[in-house]
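Here are my notes on the model, point by point. Please read them with the coordinates open.

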Amino acid sequence: MDNITKAYDFYKKHIFDPQKIELLKAHNLKVAGHVHSVIWELFCALITGEKAEGITGADLNGWEVKSAKNRAGFEYQYHRNAHLRKLTEDKLINHLFCSYSEDYSEVTVRAIRGKNLSAKFFDVWEPLCIEKYSDPSNLRFRKSIPFPFVENNGLLVLKIEGGNLVRANEHFKIDLIDT
């Protein structure tokens, strides 16, 4: 079984759960956002075949994973004690962006190389981050990559519509090298 098929099977069991979504709605609870970031990281671990390394740095070996409701920006957060190391790493690794609909029936995953994000984002954020942390009371530095940038520049890895896998690029790692 290929990685994307494994990831899609995981999605059907652990992300897209119509029964749970109906229960959340019936009890006036928030639907979008109930899938925790670690579940998206696991989903992307299945897609890439990579594992996490340690508790800081990239989510997976060579990959940063971001998730956001459709059309929302993808937030990056840099902590005081590791911000420069993390910014440097983000310039070198690949990034996966998971966009999802409110009920998780629509999911798109795109990939972008860190070097293709550096000039527009990470290089611009670095002096701002350094400046922010010159004040010892600041604990977090947050910035976002806008959805339209990811949509226009990301390599499509997979697309799910109506809970069905409609596009899959099993060779995305090879295709990403050429970007």
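1. Tyrosine 104 sits in the loop between S3 and S4. Helices (H or I, at least four residues) and strands (E, at least two) are DSSP runs, numbered from the N terminus. Phi of tyrosine 104 is near 70 degrees, a positive value in a residue other than glycine. Most residues other than glycine have a negative phi. Tyrosine 104 is buried, with a relative accessible area of 0%. Buried means under 20% relative accessible area, exposed over 50%, partly exposed in between (1.4 Å probe, protein chains only).

2. On provenance: this is a predicted model, where local features need pLDDT of at least 70 and side-chain atom pairs count only at pLDDT 80 or more, while totals for chains, interfaces and linings use all residues. Residues are numbered from 1 along each chain as its sequence is written, and side-chain values use heavy atoms, leaving out hydrogens and water.

3. Arginine 71 also has a positive phi, near 75 degrees. Arginine 71 lies in the loop between S1 and strand S2 (74-79). Arginine 71 is exposed, at 53% relative accessible area.

4. The sheet is open, with 5 strands in the order S1-S3-S4-S6-S7 and mixed pairing. Two strands pair if DSSP finds at least two bridges between them. S1 and strand S7 (164-168) are the edges, each pairing on one side only. Twist averages 15 degrees from one strand to the next.

5. S3 and S4 form a hairpin with 6 residues between them. Their pairing is antiparallel, over 7 bridges. Cysteine 98 stands opposite valine 109 in S4, and the bridge partner of tyrosine 100 is valine 107. S4 also runs antiparallel to S6, joined by 5 bridges. There, valine 109 stands opposite leucine 158. S4 is mostly covered: 6 of its 7 residues are buried.

6. Which residues touch the most other members of the largest nonpolar core? They are Trp40, Phe43, Tyr104 and Val109, in a core of 33 residues. A nonpolar core is a set of buried Ala, Val, Leu, Ile, Met, Phe, Trp, Tyr and Cys residues joined through side-chain atoms within 4.5 Å. Elements giving two or more residues to this core include helix H1 (3-14), helix H3 (37-48) and strand S4 (107-113). A second, separate core has 18 residues, among them Leu87 and Tyr133.

7. Phenylalanine 43 has contacts (heavy atoms within 4.5 Å) that include Tyr11, Cys98, Val109 and Leu158, not counting residues up to four places away in sequence.

8. Helix H4 (residues 83-92) and helix H5 (residues 115-132) pack at about 170 degrees, axes 9 Å apart. That makes H4 roughly antiparallel to H5. Axes are lines fitted to C-alpha atoms, for helices over the stretch in contact, and angles run from 0 to 180 degrees between N-to-C directions. Over 145 degrees counts as roughly antiparallel, under 35 as roughly parallel, 65 to 115 as roughly perpendicular and the rest as oblique. The residues of this contact divide into 6 nonpolar, 2 polar and 5 charged. Ala, Val, Leu, Ile, Met, Phe, Trp, Tyr, Cys and Pro count as nonpolar, Asp, Glu, Lys and Arg as charged, and the others, Gly among them, as polar.

9. Is lysine 91 buried or exposed? Lysine 91, in helix H4, is buried, with a relative accessible area of 18%. Its contacts beyond four places in sequence include Asp123 and Glu126.
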